[in-house]
Amino acid sequence: MSADWGSFFNSSGNRSSTDEPNVVAGDDDTEPDQGNVLSHIISQLRPGADLSRVVLPTFILEPRSMLERITNFMAHPETLLPMPTVDDPLERFVSVVKFYLSGWHIKPPGVKKPLNPILGETFTGYWDYPDGTRGYYIAEQTSHHPPKSSYFFMAPEHNIRIDGTLIPRSKFLGNSAGSMMEGIAVLRFLNRGSNKEKGERYILTQPNMYARNILIGKMKYELGDHSYVRCPENNLVADIEFKTKGYFSGSYNQIGGTIKNSETGQIYYELSGYWNKEMFITDVQTHKKEILFNASTATHTPPQVRPIAQQGERESQRLWQTTVKALMERNHEVATDEKTKIEDRQREEAAKRVNDGVEWHPKLFRRVQGGPGGADEGEEDLDWIINAQIDAHNPELATKQILSIAPILEGQTEPSQYKIPPHKAGHEAAPPDHNGAAPSAAQPTSSVGEKLEEVQRKDTRTSDVDTFVDAKP
């Protein structure tokens with residue numbers, strides 16, 4: 001059983017697919033002494049070692065995939081939805097910083113890593129909001145070496161869209177392990193900005209993640225180093241430092257930072273506090289200090305998902321169902337066996353593609369078309385972006401377009417789920433589902449037997465048009 005330690009340190013938040021409770025991170029958030037349990041991996045570790053090759057015990061596994069765990073980023077609709085309604089650009093930027101900081105505080109007990117997504121694995125979900133609207137989430141593992149998890153979120157009626165790619169780079173640091181979190185998220189307000197199609201864009205990076213005392217002592221989870229929130233159009237930037245505890249001084253979970261004008265250097269606000277407790281914002285001119293977000297009293301909102309019986313074999317919850325069941329029962333022998341079966345299958349698929357001369361491509365995402373004049377100029381660090389055209393100013397149409405990308409709501413199915421390999425080498429003509437599988441003649445129906453409406457989606461890479469089945473929004 002190998003493990004990608006890059007996914008070990010991503011922040012957690014929403015309940016897992018098995019409803020295992022998560023807790024708010026506190027000062028006593030440590031693991032019992034695990035030196036004896038982890039001693040069997042010591043011989044594998046060297047400075048600079050590739051931690052994706054390290055064999056790890058299953059007790060540190062969180063019972064859900066990284067693709068599902070990323071939904072923590074959207075876990076607080078109360079900070080997410082109001083942002084585009086703020087008219088003042090500076091105060092709107094402050095609301096983005098508040099949203100950004102609101103998701104780090106929720107995590108499972110101790111130090112846990114999510115299950116490593118396999119190539120082509122997908123996860124979809126949605127949120128029902130109090131005003132009757134919805135937010136939709138789609139994610140796919142777009143690369144295995146290095147691991148890349150690409151995701152898309154949109155709340156059409158609220159003019160919010162998020163595109164992101166998470167790229168963890170793992171490091172062994174002696175008695176600690178770290179994940180250097182590369183990749184970005186692009187948050188857009190589609191009702192703002194000079195570019196009516198792109199909207200007002202905010203570029204977000206992540207702090208690095210650390211697991212302390214992995215060999216000796218009590219394991220501890222920390223966020224560390226600098227992350228940034230930038231709005232190029234309004235010349236605003238937040239430099240946020242997640243402070244790690246010093247050997248003799250300091251405390252866990254502290255943050256600091258500033259919000260300033262990136263052109264003039266003028267500082268408007270200072271940030272302070274703890275990412276798992278109260279976080280404060282201070283106006284540098286008036287010296288007025290206010291609570292920006294109180295993580296100790298906040299309640300997160302997990303996404304809703306389709307029943308596992310309706311999911312395809314490569315969707316996260318169905319894919320890892322037997323592994324998760326064993327983890328919940330604390331049957332680590334069975335969990336190891338079930339996890340190994342999935343990982344072995346992935347290796348067999350990779351070998352078959354090599355033997356057949358087949359090049360793999362994601363099903364739901366395309367490569368970013370960056371560079372001057374490119375369709376995705378300024379978003380090159382995303383690597384991959386959702387492979388669909390979505391109307392930025394027609395929420396009803398946007399909803400139909402989103403639901404045509406992949407099954408999200410109950411009643412939506414896609415019989416030809418993500419077979420490997422999906423593409424011939426050299427970008428030969430692909431069948432209608434862009435999957436290497438013949439289109440199904442079956443017409444899926446909703447949960448109440450109602451025939452679902454067909455919706456077309458244009459592949460922006462090939463200009464081919466696919467016909468999908470839409471569930472009722």
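**Close-ups of rings and charges**

**View 1. Arg201 and Glu379 join up through their side chains.** These two meet in a salt bridge, with N and O 2.5 Å apart; the term covers a side-chain nitrogen of Lys or Arg within 4 Å of a carboxyl oxygen of Asp or Glu. This is a predicted model, where local features need pLDDT of at least 70 and side-chain atom pairs count only at pLDDT 80 or more, while totals for chains, interfaces and linings use all residues. Residues are numbered from 1 along each chain as its sequence is written, and side-chain values use heavy atoms, leaving out hydrogens and water. Arg201 lies in strand E12 (residues 200-204) and Glu379 in the loop between strand E20 (365-367) and strand E21 (384-386), so the pair ties together parts 178 residues apart in sequence. Helices (H or I, at least four residues) and strands (E, at least two) are DSSP runs, numbered from the N terminus. Glu379 counts as buried at 0% relative accessibility, whereas Arg201, at 23%, is partly exposed. Buried means under 20% relative accessible area, exposed over 50%, and partly exposed in between (1.4 Å probe, protein chains only). Both residues belong to a network of salt bridges that also links Arg161, Asp163, Arg188, Lys198, Arg366 and Asp376.

**View 2. Helix H7 (residues 332-356) holds both Arg347 and Asp344.** Their side chains meet in a salt bridge, 2.4 Å from N to O. They sit three residues apart, about one turn of the helix. Arg345 and Glu349, also in helix H7, are four residues apart, and the closest N and O atoms of their salt bridge are 3.9 Å apart. Glu349 is buried at 16%, while Arg345 is partly exposed at 30%.

**View 3. Trp104 meets Phe242 ring to ring.** Rings of Phe, Tyr and Trp (its six-membered ring) pair if their centres lie within 6.5 Å; planes under 30 degrees apart are stacked, over 60 edge-to-face, and the rest tilted. Trp104 is buried, at 3% relative accessibility. Its ring centre is 5.9 Å from that of Phe242 and the planes are at 75 degrees, so the pair is edge-to-face. Trp104 lies in the loop between helix H4 (89-101) and strand E4 (106-107) and Phe242 in strand E15 (residues 236-243), so they tie together parts 138 residues apart in sequence. Phe242 is buried too, at 1%.

**View 4. Arg230 has its charged end over the ring of Tyr228.** The distance to the ring centre is 4.6 Å. For this, NZ of Lys or CZ of Arg must be within 6 Å of the ring centre and within 35 degrees of the ring normal.
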